[in-house]
Every structure is written in C-alpha cells, then in structure tokens.
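Have the sequence and the 3D view open side by side while reading.

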Amino acid sequence: MAASLLEIRKLAVRFSTGDGPVYAVNDLDLEVRCGEVLGMVGESGSGKSQTWLAIMGLLAKNGCAEGSVRLGGEEILNLPQRALTRLRGARMAMIFQDPMTAMNPFLTVGRQMTEVLEWHRGMSRREARARCIAALESVHITDAARRLSMYPHEFSGGMRQRVMIATALLTEPQLLICDEPTTALDVTVQAQILALLDELRQRFGTAIVLVTHDLGVIAQLADRVIVMYAGRQVEQAEVHTLYGAYRHPYTEGLLRSVPRLDQPRSARLATIPGRPPDLARRPAGCPFEPRCAYASEICRRQMPPLVSLGDAHLRACHHDGALGPQEREA
Amino acid sequence: MIRLVLRRVLAAIPTLLVIITLSFFMLRAAPGGPFTEARRLPPQVLANLERMYHLNEPVWEQYGRYLTHILRGDFGPSYVYRSTTVNALIEQGLPVDLTIGGLALALALLIGMPLGILAALRQNTAWDYVSMAGAMAGISVPTFVVAPLLILLLAVKAHWLPAGSWSNGAPDHLVLPVLALALPLIAYVARMMRGSMIEVLNSPYIRTARAKGLPERTVILRHALKPALMPLISFLGPAVVNTLTGSIVVEEIFGLPGIGRFFVDGALNRDYTLVMGVTILYAMLIIAFNLIADLLYGVLDPRARQQ
C-alpha cells in the first residue's frame with residue numbers, strides 16, 4: 001500500500017446561518033495515498049465539495065472547519081492566510097466544475113498561467129512562459145505559444161478545462177483536487193479529460209481526488225471510492241469492491257439509479273425515494289433512515305458508526321442482512 | 001475602433017435630428033411666445049420684433065432656417081437675453097459647469113471607489129456599515145438641503161470659505177459647490193463599487209485565483225479590480241451628463257453663472273433658441289459620453305473588444 005499523503009481526522013465543516021449552525025460535513029476520517037485516485041461520490045449537498053474547499057481554505061465567509069488535516073504529516077487546516085498562499089497551488093491544487101466561469105475573462109490565458117510560476121517559483125515572466133507552453137503541450141493543446149496570448153472566451157469548454165489542469169500541474173503538486181471536473185462538459189470531451197487525468201497521474205505520480213456525482217466517472221478513474229451522504233461518510237471501499245459488493249443501502253440506491261442502455265426503453269429509471277435531510281434539522285439516528293428500505297427501529301434512534309468490514313471496506317449501517325440482488329454489478 | 005467611432009457618430013445624426021425636430025415643434029406648440037409679457041407690447045412693436053426674428057414666417061420655414069443655421073454651428077440669437085447669441089451664452093456658461101462638474105466627478109471617483117472597495121473587502125464590519133450608512137444618507141439627502149447646510153457650517157459659522165459667487169473660478173469659491181455636487185456622487189460610486197466588488201469576489205474565477213495560492217493583494221488588484229469597474233463605467237456615461245444638468249440647483253444656490261439657469265429661464269420665457277441650444281448641447285454630450293463609456297468597455301473587457 002502506498003504511503004499516506006493526506007490524513008483527515010474528525011473533519012467537520014460548519015456554516016453559521018440565520019437558522020443557527022449547519023454542519024455540511026461531520027466527523028470525517030479518511031486518507032489520500034500518494035499517487036492514487038480517490039473518488040468521492042454523493043448527491044448535491046452531501047458535503048463532498050465542502051470537504052475539499054475546507055481543506056483548501058476556500059470556504060465561504062460564514063463557513064468554518066474543525067478537526068485535523070495533515071499533508072505529508074504537517075497540519076494544514078485553518079492555516080493563516082500567508083501560509084495558505086505558499087501551500088495552495090504549490091503542494092496541492094484544485095480545479096473546478098465549470099471551466100467557463102473558473103477562468104478570469106479579463107486576463108489572457110498566459111497571464112493566468114504564468115502568475116502561478118512567478119509567485120510560487122519566483123520565475124521571470126519569460127521563463128514562466130516557456131514552462132507554460134510545455135505544460136499546454138502536455139495537455140495536448142496545439143499551437144500553445146499563440147494560445148497563451150488568447151483570452152478564455154476564445155477557448156472551448158474542454159480546452160479551458162485542459163488549461164485549468166495544465167495550470168494546476170505547473171508546480172507539480174502532490175495532490176490535485178478535481179471538483180466535478182467533467183460535469184459541465186460534453187460526454188466525448190468528458191472522456192478526453194478523464195483520459196488526460198489518468199495519463200498525467202501516471203506521468204507525474206500526482207494523487208488525484210475526484211469529487212463527482214457521476215458514478216461512471218468514478219468507475220473509469222478511481223482506485224478507491226468514498227460515498228458521502230448528508231455530510232457523512234457512509235461507505236468506503238476499493239472501486240471493484242464497491243461496484244461488486246457494496247454494503248450500504250444508499251450506495252445500492254445510487255448504483256441502481258444509473259441509467260442503463262441494456263434495459264428495455266420502457267423500464268422506469270430507478271430512483272431513491274424521498275430527498276436528503278435538511279442539514280439544519282438533522283435526525284438523531286441514521287440520516288438515510290427515512291429513505292431506506294431496510295430501516296429498522298435502531299436506525300431511528302442511533303447513528304451507525306463507520307466500521308471496517310475487512311479488506312479496506314468500511315460502512316456505516318446497522319442493517320446486517322443481505323441487500324438487494326447484486327448480480328448486475330458483479 | 002475607428003470604425004466603431006465613425007459608425008456611432010453617423011448613427012448620432014438621425015438621433016440628433018429627431019431631438020431637434022421634436023423639441024422645435026413642442027416648443028412652438030406650447031402656449032405663449034418669447035414676447036408675451038405681463039405688460040403687453042404695442043402691436044406695432046410686437047410685429048417688428050417678430051419680423052426681426054422671423055417669427056412671422058410659417059413654422060416650416062422657421063424650422064428649415066433653424067436647421068441650416070445649426071449646420072453652421074449657429075444656435076441663433078437669444079430672444080430674452082437680447083443682443084446676445086445662444087452661442088455666446090453657452091460659451092460663457094459651459095466652462096463653469098465643466099469645472100465644477102468635472103471636479104465633482106473626479107472627487108467622486110477618487111473618494112467613492114476606494115471607499116466602496118474597502119467596504120466590500122471588510123464586508124459586514126463596522127467600517128462597512130458606517131460608510132454604507134453614510135452613503136445612503138448622501139444619496140437620500142437632496143442637494144437643496146446639503147448645499148445650504150454646507151454654506152451655514154463652513155461659510156457663515158466657521159468663515160472658512162466664501163458662501164457663493166463665481167469670482168472667475170477662484171479655488172476657494174469652488175470648494176463648496178463642488179462638495180455639494182460631489183457628495184451624492186461619492187455615495188453612488190461607493191455603493192456601486194462595493195456591490196460590484198462583492199459580486200466579483202464571489203465569482204468562481206476569484207476562487208480559482210485563490211486556489212492557485214496567489215496572495216490576496218494580487219487576487220484583488222489583478223483579478224477583481226478590472227471586472228468590478230465595469231458597472232461603474234456604464235454608470236459614468238449618463239452620470240457625467242447628469243452632473244452637468246443636475247448642477248442647476250447648485251448653480252442657483254451658490255450664484256454661479258452656469259448653463260443650468262438658461263435651461264430654466266429659457267423654458268419659462270419661451271426663449272426658443274436658448275432652450276433648443278441647451279437641449280442640443282446636452283443631447284450631444286449624452287451621445288458623446290455614452291460613446292466614451294462604450295470605448296472604455298472595449299479597452300477593459302476583451303470580450304467586448306471582439307464585437
């Protein structure tokens with residue numbers, strides 16, 4: 001097993017709102033290993049994005065993070081602004097969902113790339129330019145020198161996301177956090193971006209965190225998967241274990257609701273009944289209980305702890321019996 | 001760029017023509033005339049006056065005559081300020097308005113922009129609340145209250161500054177009118193700047209800039225400032241003209257020989273040529289400053305430059 005790169009212990013993300021504090025992430029323990037691709041999946045509001053924004057120190061003003069996050073053994077949670085500017089973009093980088101809005105429309109692509117090297121590496125603009133051209137070529141953008149003096153609106157969505165990836169990797173960070181990197185892109189472009197991430201991971205050995213609600217994306221790229229629900233980790237497993245032998249009813253619901261081409265067209269798309277709980281009025285027991293087909297008395301009263309099932313497989317569920325048929329995923 | 005300017009100047013011609021035509025006929029349609037006075041003139045005198053100013057001709061002929069004069073840049077004689085021309089009146093009054101208006105705008109940008117930016121950066125702090133409450137007051141309290149207050153406090157009580165008059169634009173005579181004109185503008189600019197800065201700071205590309213580890217100073221100066229200025233630019237075009245026209249109250253209170261009073265006097269006295277001249281002047285100013293705002297837009301925003 002590869003060495004641990006990022007260790008998250010008891011991470012909680014809290015937002016103070018008009019209705020009092022709301023916990024977007026609760027009691028999260030996990031680690032990212034060097035060079036792996038860790039997938040984090042969950043629906044909107046499950047806390048998957050807020051987890052990583054908290055680690056990057058990018059929470060909204062009313063948000064605050066508690067717990068401990070160590071990068072290479074060094075505590076990085078809630079660092080002062082100055083220390084953050086040395087860490088972000090240098091040792092860990094993050095790219096975002098919508099490449100259309102994630103780049104500054106007022107600055108050339110070159111300026112938005114070179115500034116990273118000028119700041120973190122103290123390079124001159126000229127040196128940085130040469131490095132940026134190479135970086136654009138490594139994400140398969142042709143005619144890179146000319147493109148540096150162009151503006152983001154002159155690029156397509158897929159190209160912009162390539163630029164974002166190239167920019168993030170300029171400083172060769174140990175960790176690249178991708179928050180829904182392909183959600184805003186066409187399916188064919190999605191596949192190209194995923195292939196690119198896989199290629200870069202192999203070339204640079206960068207650990208990648210892939211935050212998405214798309215199980216297909218996870219299946220293509222991730223080594224391990226964490227399933228989030230209502231700010232909690234409900235299941236964690238190697239990708240093959242998860243798809244083949246998931247043990248949490250929510251994971252089951254997620255996998256069932258993936259549209260399938262081999263089903264008759266008249267078949268209804270499976271859904272999970274109900275909606276995620278209001279994070280401000282969290283039930284005492286398991287947050288998934290109201291929507292769970294397997295719920296029993298204890299689920300209402302008591303939060304299930306995250307326990308190991310062996311083989312690096314963890315889950316948080318009281319239900320001991322079998323889940324529904326799994327033959328299609330196996 | 002040059003093609004844009006040319007196109008806009010050409011497009012301004014029909015606009016101006018419509019404005020001239022409408023105001024020409026609306027003025028003629030208003031009851032009374034330039035020589036209708038409380039004490040009626042003898043019919044012979046009136047007839048002579050009307051013949052002298054061609055007011056006895058059919059209205060279409062007058063309109064044609066007016067247009068040909070305008071093409072030569074001649075706004076005609078004033079009917080009320082006898083023995084002067086409208087051109088002379090404008091040449092006399094416009095520099096006054098340009099001076100106090102320009103200074104007030106410069107002051108508004110110089111004070112309002114940093115005030116708004118600081119308020120945005122310290123959102124929901126005491127600084128933010130105090131400056132925005134001040135701005136709200138600056139917007140809501142009308143000039144005809146602010147100007148006398150300034151005179152009362154700084155001129156009458158403290159004797160620091162003269163209470164009024166132009167004195168050929170002596171600096172100490174400028175301070176109070178410029179302040180009175182600038183206060184609401186400062187407030188507007190500060191509020192706009194705060195709003196747009198907050199909006200920009202919440203945009204995804206600012207999050208990207210921070211995620212890249214850039215220091216906050218670079219994030220604000222390089223990434224946030226330019227986009228935050230955009231709403232201000234579209235506001236400034238009309239604001240320049242509003243400041244020039246809106247100075248009527250300030251001119252009146254401080255006794256300044258600006259153009260504003262010609263607007264009022266001219267309209268009340270049916271001084272056709274004077275009202276027309278001032279109207280056309282403002283129309284041209286509005287067109288010109290909107291064009292300048294659009295050009296600035298292009299300079300700042302690469303997306304606008306392409307179109």
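**Starting from one residue**

Beyond its neighbours within four places in sequence, Val189(B) is in contact with Ala108(B), Leu109(B), Gly112(B), Met113(B), Gly116(B) and Leu232(B). The model shown here is a predicted one. Val189(B) belongs to the largest nonpolar core, which has 134 residues. Together with Val209(A) and Leu210(A), Val189(B) is among the residues with the most contacts inside this core. Helix H7 of chain B, residues 171-201, gives the most to the core, namely 19 residues. Another core lies apart from this one and has 11 residues, including Val86(B), Leu89(B), Val275(B) and Val278(B).

Next comes chain B as a whole. What kinds of elements does chain B have, helices or strands? There are 13 helices and 0 strands in chain B, and the pattern along its sequence is accordingly written α-α-α-α-α-α-α-α-α-α-α-α-α. The C-alpha trace of chain B spans about 85 × 55 × 30 Å along its principal axes. Of the 307 residues in chain B, 32% are buried. Take the contacts in chain B between residues at least 6 apart in sequence: 73% of them join residues at least 24 apart.

Chain B is divided into two parts, with domain 1 covering 2-86 and domain 2 covering 94-271 + 287-306. Between the C-alpha centres of domain 1 of chain B and domain 2 of chain B lie 34 Å. In the contact between them, domain 1 of chain B takes part with 11 residues and domain 2 of chain B with 6 residues. On the side of domain 1 of chain B that touches domain 2 of chain B, 6 residues are nonpolar, 4 are polar and 1 is charged.

Where the two chains meet, 19 residues of chain B are in contact with 25 residues of chain A. Three helices of chain B each supply at least two residues of the side that touches chain A: H8 (204-211), H9 (216-245) and H13 (302-306). Among the contributors to this side, H8(B) gives the most, with 7 residues. Sorted by class, the side of chain B that touches chain A has 8 nonpolar, 4 polar and 7 charged residues.

Chain A, in turn, contains strands. Four of them form an open sheet in the order E2-E1-E4-E5 (chain A), with antiparallel pairing. Why is one side of strand E2 and of strand E5 of chain A left without a neighbour in the sheet? Strand E2 (20-33) and strand E5 (74-75) of chain A stand at the edges and each have a single partner strand, so one side of each has no neighbour there. In general, strands of a sheet pair through backbone hydrogen bonds, either parallel or antiparallel. Strand E1 (residues 4-17) and strand E4 (residues 63-71) of chain A pair in the antiparallel sense over 8 bridges. In this arrangement, Leu6(A) stands opposite Leu71(A) in E4(A).

The last stop is a loop of chain A. Thr183(A) lies between strand E7 (175-179) and helix H7 (187-204) of chain A, in the loop that joins them. Is Thr183(A) buried, exposed or partly exposed? Thr183(A) counts as partly exposed because it has 15 C-beta neighbours inside 10 Å, whereas a buried residue needs 20 or more and an exposed one has 12 or fewer. Leaving aside neighbours within four places in sequence, Thr183(A) is in contact with Gln97(A), Thr212(A) and Asp214(A). The C-alpha atoms of Thr183(A) and His213(A) are separated by 8.6 Å, although these residues are 30 residues apart along the chain.

How values were computed
Residues are numbered from 1 along each chain as its sequence is written. Chains are lettered from A and ligands numbered from 1 in the order in which they are written. This is a predicted model: local features need pLDDT of at least 70, side-chain atom pairs count only at pLDDT 80 or more; totals for chains, interfaces and linings use all residues. Two residues are in contact if their C-beta atoms, placed from the backbone, lie within 7 Å. Helices (H or I, at least four residues) and strands (E, at least two) are DSSP runs, numbered from the N terminus. Ala, Val, Leu, Ile, Met, Phe, Trp, Tyr, Cys and Pro count as nonpolar, Asp, Glu, Lys and Arg as charged, and the others, Gly among them, as polar. A nonpolar core is a set of buried Ala, Val, Leu, Ile, Met, Phe, Trp, Tyr and Cys residues joined through C-beta atoms within 7 Å. Domain bounds come from an automatic or database domain assignment. Two strands pair if DSSP finds at least two bridges between them.
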